[in-house]
Every structure is written in C-alpha cells, then in structure tokens.
Amino acid sequence: MIIKDARFICSNTKFDKLPKDNMPEYAFIGRSNVGKSSLINALVQRKGLAKTSSTPGKTIAINHFVVNDAWYLVDLPGYGYAQRSKKSREEWRVMLANYISRRRNLICTFVLVDSRIEPQNSDIGFMEWLGENQVPFCIVFTKADKLSKAELDRNVEAYKKRLLEDWEELPPIFITSSENKQGREELLDYIEQQNKELENYLKTTGL
Ligand code: GTP
Ligand code: MG
C-alpha cells in the first residue's frame with residue numbers, strides 16, 4: 001500500500017467523543033514503551049506524527065490518525081505502567097474495555113510485544129480477554145533490530161509455544177522494527193487486505 005497522506009485527527013479519553021466510525025480502524029496496543037507510537041510513525045513514514053518517548057506512559061489518551069483519507073490508525077495508551085496510580089490504571093482499563101468492545105469499525109487490534117522479552121502475563125492475559133470478547137487481533141513483535149536472527153527466531157518460537165498452551169491456533173504474527181522498517185510492508189499489506197475484504201462485504205451485502 002502506498003501512503004499518500006497521514007494526519008492526526010484527535011486525542012481523547014471519552015468514547016462519545018471519538019471520530020465518526022465511518023472508516024475501518026486499526027488499533028495499536030501493548031505495554032508502555034513497547035514501541036506503539038514509533039511503529040505507527042514508521043508505517044506512515046512520518047517521524048513526529050505519533051509522539052514517542054523513552055519515558056513510559058507518554059501516550060495517555062486514544063489518539064486517532066487518518067491514513068489516505070480511507071482508514072484510521074489508533075495509538076492507545078500502554079498498559080502495565082506501574083508508576084501510574086491505581087485510580088489512573090482503573091480509568092484506563094474502563095476506557096479501553098469500552099473502546100474495544102464498543103467501537104464498531106475496529107477491524108483488528110495489533111497487540112505489540114517486545115521481541116526481546118519472554119511472554120508477560122499482562123500481554124497473555126490481555127489476549128485472553130480479547131479472545132473472550134471475540135475481538136480479532138494480531139501479534140506484532142517490536143524492536144527486532146535489537147536481536148540477532150537466531151535470538152529472534154528463538155524468542156518468537158518460544159512465544160508461539162506459550163500461546164499454543166491456551167489457543168488452538170495462532171493469530172497472524174508480524175515481526176517488526178521501526179528502526180530498520182522490517183515488517184512494514186507486511187503490516188500494510190495486511191491492513192490493505194482487510195480493507196478490501198470489508199469493502200467487498202459491504203458491496204455484496206448492500207450495506
Ligand atoms: P507509551 O506511549 O509510553 O505506551 O510507549 P510506546 O509503546 O508508544 O513506545 P514508543 O514508540 O514511544 O517507543 C519507546 C522507546 O522505544 C523509544 O525510545 C523508541 O525510540 C524505542 N523504540 C521503539 N521502537 C523501536 C524499534 O523498533 N527499535 C529500536 N531500537 N528502538 C525502538
Ligand atoms: Mg506511545
């Protein structure tokens with residue numbers, strides 16, 4: 001897919017204030033500092049579009065970007081950020097549950113995990129929750145540039161093995177780096193494919 005245009009639309013914490021749900025939407029989620037905002041910028045090739053930071057917890061609201069005037073990319077606040085207060089974590093949890101279960105145009109949630117670390121309970125638990133709520137998701141390994149090919153293969157295989165303890169089949173998996181753009185084309189192709197399928201579905205059903 002060619003990215004002609006990517007723009008920031010809005011940032012907010014209230015479900016009712018989200019932009020109109022008239023375009024397919026893809027959300028990026030994962031633990032703080034995993035590389036959500038960086039990957040969004042790498043995908044659309046706009047460095048400062050989503051704010052990135054080496055200090056975790058930078059993104060605190062639901063951030064909408066529109067790409068090619070045709071689909072939304074959403075940067076969600078990271079979870080598992082221990083330094084947030086209990087109240088703030090609870091608010092985040094409610095906001096997220098609301099967003100994921102009610103946002104009608106949300107086609108897929110990309111769960112980002114750091115390729116360098118072993119499966120974390122917060123990620124595994126979150127995927128379980130998505131499954132229980134029948135929310136389609138993909139797993140996106142980030143920061144692949146920080147590992148050798150052998151280490152990367154080993155970690156990804158170990159992760160798959162862990163997932164197969166709970167799941168009968170694996171979700172689509174992408175291995176990415178915002179640094180060297182690994183996985184960028186694959187992710188964009190996947191999104192393009194989903195957009196096409198939705199378009200065909202809407203055409204055939206006359207919706
Ligand atoms: P929050 O908004 O706090 O939840 O974080 P985030 O998940 O959006 O992470 P962000 O994109 O801000 O990146 C966190 C840090 O990781 C930054 O210092 C980035 O430069 C670095 N980083 C992100 N992706 C990559 C990558 O693919 N490779 C390398 N080497 N560093 C990365
Ligand atoms: Mg961020």
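Reader: At roughly what angle do the axes of helix 1 and helix 5 cross?

Author: This is a predicted model, in which local features need pLDDT of at least 70, side-chain atom pairs count only at pLDDT 80 or more, and totals for chains, interfaces and linings use all residues. Residues are numbered from 1 along each chain as its sequence is written, chains are lettered from A and ligands numbered from 1 in the order in which they are written, and side-chain values use heavy atoms, with hydrogens and water left out. Helices (H or I, at least four residues) and strands (E, at least two) are DSSP runs numbered from the N terminus, and axes are lines fitted to C-alpha atoms, for helices over the stretch in contact, with angles from 0 to 180 degrees between N-to-C directions. The axes of helix 1 (residues 36-44) and helix 5 come within 10 Å, and they cross at roughly 80 degrees.

Reader: How are helix 1 and helix 5 oriented to each other, and why?

Author: Angles under 35 degrees count as roughly parallel, over 145 as roughly antiparallel, 65 to 115 as roughly perpendicular and the rest as oblique. Because the axes cross at roughly 80 degrees, helix 1 and helix 5 are roughly perpendicular.

Reader: Which residues of helix 1 and helix 5 make the contact?

Author: Contact means heavy atoms within 4.5 Å. The residues of this contact divide into 5 nonpolar, no polar and 1 charged (Ala, Val, Leu, Ile, Met, Phe, Trp, Tyr, Cys and Pro count as nonpolar, Asp, Glu, Lys and Arg as charged, and the others, Gly among them, as polar). Helix 5 contributes Arg184, Leu187 and Leu188, and helix 1 contributes Leu39, Ala42 and Leu43.

Reader: What kind of aromatic pair do Phe126 and Trp129 form?

Author: Rings of Phe, Tyr and Trp (its six-membered ring) pair if their centres lie within 6.5 Å; planes under 30 degrees apart count as stacked, over 60 as edge-to-face and the rest as tilted. The structure holds 10 aromatic pairs. Phe126 and Trp129 both lie in helix 3, 3 residues apart, about one turn of the helix. Their rings are 6.0 Å apart centre to centre with 20 degrees between the planes, and the pair is stacked.

Reader: Is Phe126 buried or exposed?

Author: Buried means under 20% relative accessible area, exposed over 50%, and partly exposed in between (1.4 Å probe, protein chains only). Trp129, at 25%, counts as partly exposed. Phe126 has a relative accessible area of 9%, so Phe126 is buried.

Reader: What kind of aromatic pair do Phe174 and Tyr190 form?

Author: Phe174 and Tyr190 are 5.4 Å apart centre to centre, with 70 degrees between the planes, and the pair is edge-to-face. Phe174 in strand 7 (residues 173-175) and Tyr190 in helix 5 (residues 184-205) are 16 residues apart, and the pair links distant parts of the chain. With regard to the kind of pair, the answer is edge-to-face.

Reader: Where does Asn68 lie?

Author: Asn68 is not a glycine, yet its phi is positive, near 50 degrees. Its relative accessible area is 18%, so Asn68 is buried. Asn68 lies in the loop between strand 3 (62-67) and strand 4 (71-75).
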